[in-house]
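Hello,

Here is the structure we talked about handing over. My notes on what turned up follow below it.

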Amino acid sequence: MTTLTKQQQNPAARARRPKAAQPARTSRLRRLGDLKMALLFIFPAMIGFVLFYLVPTIRGVYLSFTEYSILGDPTWIGIKNYTAMLGDELFWNAMGVTLQYVGLNIGFQTVIALGLALLMHRVAKSTFIRGALLLPFLVANVIVALLWFWMLDYQIGIVNEIINWMGLPRIAFFGSEQWAIPTIAAVNVWRHMGYTALLIFAGLQSIPNHVYEVASLDGASPTRTFWSITMPLLRPVMVLVLVVTVIGSFQVFDTVAVTTGGGPINASRVIQMYIYQKAFGESDFGYASALSVILFLILALVAFVQMKFLKGNESDLD
Amino acid sequence: MKKTIGVAAAAAAIALSLSACGGGSTASTEAKGEINYWLWDANQLPAYQQCADDFTKANPDIKVKITQRGWDDYWTTLTNGFVAGTAPDVFTNHLSKYPEYAAKKQLLSLDDAVAKDGIKLDSYTKGLPELWVGQDGKRYGLPKDWDTVGLFYNKAMADSAGLTAEQMANLDWNPSDGGSYEKAIAHLTVDKSGKRGDEAGFDKNNVAVYGLGLAGSGSGQGQTEWSFLSATTGWTATDKNPWGTKFNYDDPKFQETIAWWAGLIEKGYMPKLETTVGASLADNFGAGKAAINTTGDWLIGQYKSYKGVETAFAPTPKGPDGKRASMFNGLADSVWAGTKNPAASVKWVEYLGSTACQDVVASKAVVFPAITSSSEKAAEAFKAKGTDVSAFTTHVEEGTTFLFPIADKAAKVDGIMKPAMDAVLSGKKPASSLTEANNQVNDLFK
């Protein structure tokens with residue numbers, strides 16, 4: 001799903017290299033030859049990219065300016081979809097609900113995953129335990145959602161049976177407005193924390209041991225070592241993990257679709273659910289496309305801000 | 001050289017994928033080949049498989065492939081099929097969905113076939129064939145079955161509460177105090193210490209058995225939830241039916257009905273809306289958590305299948321107008337306009353709507369077929385199984401049915417009414433808030 005890349009060379013060193021090569025003329029010729037070769041190799045991937053990403057994206061942007069019910073032809077209506085969005089209470093509600101979900105999901109998931117990664121790195125060295133942490137991620141999203149939906153059921157769910165047995169009132173986890181989003185967020189934290197921990201764990205392993213040795217020689221406390229060595233050196237990986245998980249989190253859909261379906265009332269109608277309902281429920285593909293474009297822009301902005309301010313493409317290791 | 005081959009192959013692939021989107025090809029006029037047929041109710045699958053086998057026996061050139069899909073997947077898969085050109089040739093259609101498909105020209109008009117093959121429309125139960133005539137005056141389906149709503153109650157619970165079958169069959173209701181219907185519900189509600197809902201000291205926060213079960217808020221139709229009550233006040237959902245363009249959710253008669261119904265939750269006679277998420281009304285009844293359920297006759301089989309629970313049926317209560325009421329919903333089979341085999345498809349639809357097939361369906365005692373004589377056979381088949389279905393047939397005999405509200409933009413109306421009704425039923429907003437929702441709904445038609 002993701003690849004971990006880490007650039008350890010600084011830009012200056014990279015820029016110096018071509019200079020040491022041959023005279024400029026031949027190098028340019030060769031580069032032109034390289035370009036042809038490169039294009040040849042890129043070509044198969046380009047077909048896929050153009051057919052399955054570029055064309056649908058451009059078409060989606062086009063459809064966002066139309067009224068389109070999928071059966072029939074789209075009619076151009078300019079920016080009407082976008083102006084309608086401004087006054088659409090359900091859209092703003094969906095954005096609010098999604099933000100609430102992302103906050104809960106990312107907050108808990110990142111902190112728990114970091115803790116697990118540290119445990120994997122320092123304490124639990126057995127492959128079995130490390131593997132077990134990843135188990136929830138190996139189960140399909142919809143299955144996880146259905147499993148929890150059943151376990152958290154108001155009447156027959158085991159969780160409510162336990163709560164009842166302890167003498168506390170039953171909780172309508174998916175049924176009440178207050179609980180729906182926190183419950184969905186918790187289910188997804190449970191599924192993704194092992195995977196996120198694995199990513200962070202990989203980052204921890206790339207921190208050279210000698211830095212820790214020097215720290216312990218200087219008598220740094222474990223807390224101090226964590227905040228002054230582990231966290232700064234882990235930053236590029238953490239940024240990557242955050243960018244990927246935040247984008248994934250904004251796109252939450254399956255868990256909502258198989259459990260609450262957006263309800264009760266509008267309490268868990270996240271933006272993807274709203275897009276789906278507009279498009280496939282109400283055949284309003286133009287408006288749904290406009291919503292998707294807005295979501296795309298938001299995600300691009302979020303990723304950009306994260307990369308920019310957390311300096312995700314630089315490392316302190318050099 | 002290699003490169004040019006690659007480019008050519010890519011171009012060919014693109015051309016292929018583009019042409020695949022086109023879908024439509026020349027339609028054959030001969031009635032032969034394989035046709036696809038979809039339905040959503042798994043309980044009815046065996047009956048229709050039998051019909052398909054009989055049909056192929058009589059028409060060896062035509063094979064029918066039946067696919068069953070659950071209600072939720074059914075409609076999205078169908079819509080996607082219309083676009084992709086892979087929709088079934090013939091499918092079971094619903095009154096809330098067909099207006100949009102007809103408007104988008106996805107359904108084949110059956111008028112020519114009805115005229116040419118001499119289909120007797122008056123053999124169907126009165127009112128059903130007219131439901132499938134679209135706004136443009138064309139016929140888009142042949143009726144296959146009908147359904148009405150009734151009270152499903154736990155006989156053992158009614159017995160121990162001292163309510164006889166006769167009393168249950170003669171309940172009355174009004175929106176101000178709920179009449180004997182509410183009294184029965186209250187009396188059938190029992191809290192954890194054994195106190196009944198109408199006794200002093202009843203603890204509404206610790207209810208063991210609810211008098212009335214709750215499936216959901218019923219959105220804008222309330223087919224099985226509240227429509228049988230609101231209709232007895234003289235209220236109708238739209239200004240005219242079918243093809244109404246003005247909705248009446250702002251009518252005090254409607255809002256009073258909903259307020260009374262939602263009030264049962266506050267009184268502790270009906271479960272909270274939040275507890276219904278993911279729950280099944282029927283299963284909670286089977287587990288003895290509710291004494292009465294209001295639901296449709298298509299679930300008779302399921303309610304009869306619960307072990308250790310004897311389910312009895314009573315007609316819906318009489319309302320302020322002194323009459324009962326039940327929404328009358330009917331399904332039909334439609335032919336997709338894009339079918340490559342219209343002749344065979346129409347032939348299959350005609351067979352589905354014929355006495356031969358509907359008698360087969362009747363013999364399985366799962367639903368009431370649309371043809372009156374077959375419907376009577378179904379009632380006998382139910383009787384042979386020991387089920388008295390008079391609670392459902394009485395509406396047809398006495399003419400106390402009213403039609404499912406057929407209107408354009410049903411999905412959008414639902415998108416507004418579902419959250420609005422949920423909000424009222426969960427106690428978050430008063431019933432008067434439905435006026436605002438009604439304005440939104442009516443704006444759709446401006």
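Helix H16(B) is followed by Gly386(B), whose phi is positive, near 90°. This is a predicted model, and that applies to everything below.

I start with the helix before that glycine. H16 of chain B covers residues 372-384, which makes 13 residues.

Which residues of H16(B) are buried? They are Ser374(B), Ser375(B), Ala378(B), Ala381(B) and Phe382(B). These residues lie on the same side of H16(B), because the arc they cover around the axis is only 110°. The background is simple: an α-helix has 3.6 residues a turn, so residues three or four places apart point the same way. On the other side of H16(B) are Glu380(B), Lys383(B) and Ala384(B), which are exposed.

Next, the aromatic residues. Over all chains, the structure holds 50 aromatic pairs. One aromatic cluster in chain B is formed by Trp38(B), Trp40(B), Trp71(B), Tyr74(B), Trp75(B), Phe82(B), Phe91(B), Tyr101(B) and Trp336(B).

In chain A, the charged end of Arg122(A) sits over the ring of Tyr212(A), 5.0 Å from its centre. In chain B, Lys144(B) lies over the face of Tyr48(B), at 4.0 Å from the ring centre.

Then the interface. How many residues of chain A are in contact with chain B? The count is 25, and they touch 28 residues of chain B. Between them the two chains bury about 2,300 Å², with 66% of that area on carbon and sulfur atoms. On the chain A side, Leu71(A), Gln155(A) and Ile265(A) lose the most area to chain B, and together they make up 28% of what that side buries.

Last, chain A taken by itself. Chain A has 13 helices and two strands. Its length is 318 residues, of which 39% count as buried. Among the contacts in chain A with a separation of 6 or more, 66% come from residues 24 or more positions apart.

Regards

Conventions:
Residues are numbered from 1 along each chain as its sequence is written. Chains are lettered from A and ligands numbered from 1 in the order in which they are written. This is a predicted model: local features need pLDDT of at least 70, side-chain atom pairs count only at pLDDT 80 or more; totals for chains, interfaces and linings use all residues. Side-chain values use heavy atoms; hydrogens and water are left out. Helices (H or I, at least four residues) and strands (E, at least two) are DSSP runs, numbered from the N terminus. The expected span of a helix is 1.5 Å times one less than its number of residues. Buried means under 20% relative accessible area, exposed over 50%, partly exposed in between (1.4 Å probe, protein chains only). The arc is that of the directions from the helix axis to the C-beta atoms. Rings of Phe, Tyr and Trp (its six-membered ring) pair if their centres lie within 6.5 Å; planes under 30 degrees apart count as stacked, over 60 as edge-to-face and the rest as tilted. A charge sits over a ring if NZ of Lys or CZ of Arg is within 6 Å of the ring centre and within 35 degrees of the ring normal. Contact means heavy atoms within 4.5 Å. Buried area is the accessible area (1.4 Å probe) that two parts lose on being put together, summed over both.
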